[in-house]
Amino acid sequence: MAIYKPKLLILYNSEDSAFVDRFDVFFDVIKTTDSQQALKTAFKEGDSLSAVLIDEPLSVNTVDVLRKFNDFDIFRKTPSILLAENTEGTFLNRAFETGLFDVVAKPCTFEIVKQKLSKFIELYNNRNQLEKFFNQQMMTISVQEHELKENQWNIISTLGQALESRDVESGNHCERMRQTTETLCKYIAIKYPKYMLNELKTRQIAQVTPLHDIGKIAIPDRILHKPESAGRLTDEEFDIMKTHTVAGCKLIDSIPRFKESALYTYSYNICRYHHERWDGRGYPDHLKGMEIPIEAQVVAIADVFDALICKRVYKPSFTLEKTKSMILGGECGAFNPDIVESFSACIDSIYANHYEKQLTSST
């Protein structure tokens with residue numbers, strides 16, 4: 001029986017043919033040195049194409065080629081990697097703006113490129129299957145309100161799980177965030193009735209909290225999983241990382257008929273504004289004070305707490321006391337004083353109920 005090989009389109013410089021030929025063992029390879037032919041092939045192959053590898057010098061011409069791929073909507077469903085010696089400056093930013101998935105700096109080993117391709121193909125296959133699932137479900141589901149709401153919640157849950165499977169350093173992050181957000185909302189509702197966080201609103205906010213970072217699916221691994229040993233994110237990398245807020249909103253908007261749901265506004269606001277800060281120094285819109293929706297404010301402080309208390313690829317875990325000191329002392333940015341006061345009142349309970357056992361068992 002024939003072994004299945006993912007179909008790989010390679011656009012390359014003729015001088016690199018020896019390197020390119022090595023992919024024949026692992027992939028069903030279509031090779032070309034002509035960009036127009038590569039575009040025609042990609043368009044013709046459609047969904048049968050598993051990945052695109054472009055081994056070209058990073059230049060104005062390369063960026064134009066990438067834009068054409070994006071115009072044909074090829075990068076949306078097919079992972080794309082650019083191999084380039086010049087990975088600095090304006091050209092790199094323009095390349096990522098075209099929808100390119102990742103850039104690998106040359107010289108690089110064949111094994112690194114092969115592993116990245118395999119990983120990205122698996123990720124996109126999962127995402128494309130998820131998209132097909134959405135379409136199939138939403139085409140066949142009854143228009144009755146109860147069934148529609150249930151199906152939308154299944155989509156939200158699956159999106160959260162998709163992010164968890166990619167961001168392996170933060171296992172159970174989405175569930176912890178949901179629990180922390182719900183607990184904090186309940187404290188705020190009691191102490192500050194002015195925010196009108198009733199039982200229904202609290203439950204709905206907690207339900208969609210797992211979507212807060214779903215836009216990170218669009219962030220390249222080299223940035224999302226950059227280790228501490230490689231140094232802090234550069235300004236350019238951080239600018240790319242910040243786009244996950246807007247990318248997440250686009251995903252939310254793509255859920256069929258979700259805008260008709262009571263959960264839509266909470267989902268959108270949390271996704272877009274959970275990195276805004278009380279003093280206006282957050283992103284992406286630099287909102288200030290109560291310009292920031294209350295649901296995004298709550299999720300913001302819950303997100304910071306989880307990032308500090310848990311180990312990440314870019315940092316060790318901090319103790320509960322250190323985490324308290326950093327959040328309550330303002331080291332992590334400005335938050336609504338009412339929310340800070342409420343969080344201070346319930347932080348020990350949140351840690352004991354949702355973190356202590358898990359963190360202790362992982363050490």
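**Exercise 1. Aromatic pairs**

Task: Determine how many aromatic pairs the predicted model contains, and classify the pair formed by Y264 and Y268.

Solution. The count comes to 15 aromatic pairs. For Y264 and Y268, the centre-to-centre distance is 5.9 Å and the angle between the planes is 40°. Planes under 30 degrees apart count as stacked and those over 60 as edge-to-face, so the pair is tilted. Both residues belong to helix α13, four residues apart, about one turn of the helix. Finally, Y264 has 13% relative accessibility and therefore counts as buried.

**Exercise 2. A pair across the chain**

Task: Classify the ring pair of F305 and Y355, and state where each residue lies.

Solution. The ring centres are 5.1 Å apart with the planes at 85°, so the pair is edge-to-face. F305 lies in helix α14, whereas Y355 is in the loop between α16 and α17. The two are 50 residues apart, and the pair thus links distant parts of the chain. Both F305 and Y355 are buried.

**Exercise 3. The largest nonpolar core**

Task: Identify which residues touch the most other members of the largest nonpolar core, and which element gives the largest share.

Solution. The core holds 45 residues, of which L184, I188, I301, F305, I327 and F343 touch the most other members. Elements giving two or more residues include α8, α13 and α16; the largest share, 10 residues, comes from α14. Leaving aside residues up to four places away in sequence, I188 touches P193, Y195, L197, V298, I339 and S342.

How values were computed: Residues are numbered from 1 along each chain as its sequence is written. This is a predicted model: local features need pLDDT of at least 70, side-chain atom pairs count only at pLDDT 80 or more; totals for chains, interfaces and linings use all residues. Side-chain values use heavy atoms; hydrogens and water are left out. A nonpolar core is a set of buried Ala, Val, Leu, Ile, Met, Phe, Trp, Tyr and Cys residues joined through side-chain atoms within 4.5 Å. Buried means under 20% relative accessible area, exposed over 50%, partly exposed in between (1.4 Å probe, protein chains only). Contact means heavy atoms within 4.5 Å. Rings of Phe, Tyr and Trp (its six-membered ring) pair if their centres lie within 6.5 Å; planes under 30 degrees apart count as stacked, over 60 as edge-to-face and the rest as tilted.
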